[in-house]
Structure formats: C-alpha cells, structure tokens
Amino acid sequence: MPHRAPGSPGHSASHYLTGKAIKYYRPRGSGEVRQLIEGGFQAFNAGRLSEACHIFADKMLAPEHDTTIGLTVAGALTPAGLGGCAIELMERGLVDFIISTGANLYHDLHYALNFTLHRGSPFLDDVELYEQGIIRIYDVLFPASVLLETDAYIRDFLVRSRLSGPIATSEFHYRLGLDLLERQPGCEAHSVVACAAQTGVPIYTSSPGDSSIGMNIAYHELMNGSTLMIDPNRDVNEICAIILAGEKNGCVILGGGSPKNFYLQGQPTLWEVYGIPKGGNDYFIQITTDQVVWGGLSGATPAEAVSWGKVNPGVLPDTVVAYCDSTIAFPLFCEYAVGSANGRRARKELVHKRDALVADLLRQAKAARADRAATLAAEPAEIDRHR
C-alpha cells in the first residue's frame, strides 16, 4: 500500500464516508419535467436548454432524419452519477457513439466493480483527507483503496486480454466492456463502459494517456514488456468514417475540452485533409459553463465553428449553447428526450461496423485524391490553350 493509504494512527476515515452513496441516475421521461421545460423554461439559459431539448427530441431523433449522434463528455460527470443518463440514452438508441475524457471512463469502472462513492462536502480539510486516505472530487468522497483496486482490475485485464499491437480506443473500451459483462454480471445497468459494449456503442478517448487507464497501460508496457499501443490515428479515421457515413450528423457536447474538438475536427479532416466534401454538422447542442470571450475551444460557439467547416452554415437555427452546469442540465435534458415521442429508436451498433466504415472512407479518399491529381494534370493544358 502507498504511504497515503493507511491514514494517521488513531484516526478513522469512516466519518467522512457516511454521506449517501452516489448512484447512477436513470431518467424515465417525467411528464412533470417535460411540463417544466415546456412552460417554465422560457428565456435566458432556461430558454436555451428548452431549445436544446426541442432540437434533440424533435429534429435529431426524428426517424426521417436518421441522424448519427455523438455525445462528448468532459468534466467529472461519472463521479457525480450522470453515467446513468448516458446508459439510458444508449439503451434507447439515442446516442450512437461517445467521446469522453479517460477519467470519466476510469471512474465509471468504480461503479462496475461495485465500489461506492459518497456525497460529501467541498469544505473539508484536504490535508486531513490526505492523511486519512480519502479522495475528494469537489464534494464526492471515496477511499484511496477504490483507486488501487480499480487499478488492479485494469492491470489484470490487460494481462488476461493479451491485447497487443496498435489498437483504437474504441476497440480497447469494447474489450474492456465485454470483460466487465463477463466478470460482473448485471453491471451494464450501472456502467457506461459495460453498457456501451452490450449496445454496440463505440467509446473513444481523445487523450488516452491522460487518465488512470492510460497510466496502467503505460505500466503494462514498462513492467510486462507489452506491445499494446493506443493508436490515435485509428481513432481519427474511425470518427471520420462514422461522420462520413451519416445521413445527418449531430452532437451533444457536455462541457467542452478535448472531446469536443476531437468530434468536431472530423468534418474539417474530411474536406481539408482527405478532400471529401461532406460538409459540417447538421445539429449542434452544447451544455457548458465556458465562455466565448476567453478564446478557448470549450467556449467556441457553433457560429464560429462554421468558418472551420465544422457546422453547416445553413443550419445555425438548429444549434444552441446552454450556459449551465452539466450536472443540472443534462438530467433534465435526458428526462425530456426519454419522454418524447422519439424517445426510442433502433440502435446503429457502430462498434461492429467500424472496419467497413473505414474501408469506405479509404475508398472515397483515394477517389478524391485521384480527382485532384487529374485536375492538376489538366491545368497546364488549359493554360497552354489560353496563351
């Protein structure tokens, strides 16, 4: 055990962990919440959240639009219990793929492994928490042993899985989810990673080294001589292939950060790099506390994204930013969506279609390159004719 875990002699950490257990909240389509959003959320950011609910439920989920929907997740949302909202959306086919920080997926594993996170206070003595071996994520508390045992599971999985060579994060998370389903039966009800594997939803991580999952993969290479390597190139191409295949494309962005850009860069990659004129997103919904005035990507508006080719210029009425804490807005948003007339649709199960989609991306990219080469070859002849 590390130095921090045993705690100070003569002290007990138990009184810090007496708060209620944080459980994954599952939206059920509350009529009262829908009435509140319809009638009470009329202006300012309440109005923007109401607008987001309508764009998602009435347009993005409309069967005739067949929208491929990506959910991006930044901020400590699974420790706060919001993983249940994502699970409900995946089970109902309302989300087709996810891009998340690695930390959210790591903390999701605590729930899959039946560890408990507790409600606490943000106004505690952190030096004393350190001495007691208690981890604090704002007002979420849990013992350091949860980290150690989750790490031990990941390292054991890495050895048992025999994964090797370069793989996409989607493949890694899918294999991890299958392992959870086998070893923790029923955990799909309270684990995003397990539920995604069961429902065929690929999960990507835009910065795989920036989490405890990545830390343990690094350990596996250094200590066990593993050749397993997370290949971001495969992730980029899979995201592009999914976007390219979509009849319409839309996103729900929680927070911002790297997951937001990793999704939105797909459209510029297609036109700017591969020369495929797909066009930008048809729908854009963001729930964030980040402001545009700081110039960062997290606060960038859909209007700004138009100049990059990330959002189609003609669809700005179908884009919205609600400036609100995701832990408040996202459960309300999901209640509205689940209770809507389009609250369930057939799952795309994209995790099983990745190879075929990437093959089509390659075909179209080669065709675009050949077209460019033919155009360039024809230009000198055209110039000569005008001399």
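How many helices and strands are there in the chain?

Author: This is a predicted model, in which local features need pLDDT of at least 70 and side-chain atom pairs count only at pLDDT 80 or more, while totals for chains, interfaces and linings use all residues. Residues are numbered from 1 along each chain as its sequence is written, and side-chain values use heavy atoms, with hydrogens and water left out.

The chain has 15 helices and 11 strands; these are DSSP runs, H or I of at least four residues for helices and E of at least two for strands, numbered from the N terminus. The chain is as compact as a globular protein of its length, because its radius of gyration is 23 Å, close to the 21 Å that the globule rule gives for 387 residues. That radius is taken over C-alpha atoms, and the rule is 2.2 Å times the number of residues to the power 0.38. The C-alpha trace spans about 95 × 60 × 40 Å along its principal axes.

Now the interior. Of the 387 residues, 52% are buried (buried is under 20% relative accessible area, exposed over 50%, partly exposed in between, with a 1.4 Å probe and protein chains only). Where contacts (heavy atoms within 4.5 Å) join residues at least 6 apart in sequence, 80% of them link residues at least 24 apart.

The largest nonpolar core holds 73 residues. Such a core is a set of buried Ala, Val, Leu, Ile, Met, Phe, Trp, Tyr and Cys residues joined through side-chain atoms within 4.5 Å. The members that touch the most others are Phe56, Leu71, Ile98, Phe172, Leu180, Phe330 and Phe333. Leaving aside residues up to four places away in sequence, Leu71 touches Ala86, Val95, Phe97, Ile98, Ile99, Val252, Leu254 and Phe330. Another core, of 26 residues, lies apart from the largest one and includes Ile239, Tyr263, Leu270 and Leu357.

Most residues other than glycine have a negative phi. Phe44, in helix α2 (residues 44–60), has a positive phi of about 55 degrees, and Phe44 is exposed, with a relative accessible area of 73%. Tyr138 sits in the loop between β4 (134–137) and β5 (140–143). Phi of Tyr138 is also positive, near 55 degrees, and Tyr138 counts as exposed at 55% relative accessibility.
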